[in-house]
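Take the model below from its overall fold to its pockets. Keep the sequence beside the coordinates as you read.

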Amino acid sequence: MGTARAPRRGIAGVSGGAQGPQPGILPDFSALLAPVREAARELPRAALPALCGALAAVQAEILMPAEPSASAAADRLLTPEEVGQRMNRSRDWTYRHRHELPLTRLSSGRWGVSEARLKRWMAARSS
């Protein structure tokens, strides 16, 4: 009796979407990593933790961009007072209508509104 295999997951930025990678789309990772495997076999055991650390750094570089995009860097979380000012409303109005706003809850229980999301929300409401 065979064992069930977990479904393969796609890689960010690679075609395949929610269904996972499509056959023939992904490169042969075994072949790409063969030189790394060979070099690892020739290393002394004491050097293997350093190699693992270097591989983890490569993984982090791939998964996380070095610099945030310009739009993400320019965006900031507005306080309820700042939201009221942007909308020509009072701070109290902002609190009363927070359930209508595109707010973000913080772990402290406080909340704010992304400046970019507020601009999009206001544009959608005015059209």
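Helices (H or I, at least four residues) and strands (E, at least two) are DSSP runs, numbered from the N terminus. The model is predicted, so local features need pLDDT of at least 70, side-chain atom pairs count only at pLDDT 80 or more, and totals for chains, interfaces and linings use all residues. Residues are numbered from 1 along each chain as its sequence is written, and side-chain values use heavy atoms, with hydrogens and water left out.

Start with the fold. The protein has six helices and three strands. Along the sequence they run α-α-α-β-α-α-β-β-α. The chain has 127 residues, and 16% of them count as buried. Here buried means under 20% relative accessible area, exposed means over 50%, and partly exposed lies in between (1.4 Å probe, protein chains only).

Now look at α1. This helix has 14 residues. From first C-alpha to last it reaches 20 Å, close to the 20 Å expected at 1.5 Å a residue. The expected span is 1.5 Å times one less than the number of residues. Even so, α1 has a kink of about 35 degrees, centred on Pro-35. The bend at a residue is the angle between axes fitted to the seven residues ending there and the seven starting there. At the start of α1, a side-chain oxygen of Asp-28 comes to within 3.2 Å of the backbone nitrogen of Ser-30. That pair can be read against the polar-contact rule: N or O atoms within 3.5 Å, where within protein one must be able to donate a hydrogen and the other to accept it, and residues adjacent in sequence count only if both atoms are side-chain atoms.

Next come the pockets. Rolling a probe the size of a water molecule over the atoms shows where empty space is left. On a 1 Å grid over the protein atoms alone, a pocket is an open set of points where a 1.4 Å probe fits, with protein on both sides within 12 Å along at least five of seven lines; lining residues have an atom within 4 Å of a point. Grid points are joined across faces, edges and corners, and a volume is the space filled by probe spheres set on the points.

The largest pocket holds about 250 Å³ of space. Which helices supply its lining? Both α1 (29–42) and α2 (48–63) each give at least two residues. Helix α2 gives the most, with five. The lining divides into eight nonpolar residues, one polar and no charged. In this count Ala, Val, Leu, Ile, Met, Phe, Trp, Tyr, Cys and Pro are nonpolar, Asp, Glu, Lys and Arg are charged, and the others, Gly among them, are polar. Val-36 and Leu-55 are among the lining residues. Leu-55 lies in α2 and is partly exposed, at 42% relative accessible area. Leu-55 and Val-36 are 19 residues apart in sequence, yet 9.6 Å apart in space, C-alpha to C-alpha.

The second largest pocket has about 170 Å³. Its lining includes Leu-77, Pro-80, Tyr-95, Trp-111 and Gly-112. Two or more lining residues come from each of β1 (77–78), α4 (80–86) and β3 (111–114). Six lining residues are nonpolar, two polar and two charged. Leu-77 sits in β1 and is partly exposed, at 36%. Between Leu-77 and Gly-112 lie 5.6 Å in space, C-alpha to C-alpha, and they are 35 residues apart in sequence.

Finish at Thr-94, in α5 (residues 91–96). Thr-94 is buried, at 0% relative accessibility. A polar atom of its side chain lies 3.3 Å from the backbone nitrogen of Gly-84.
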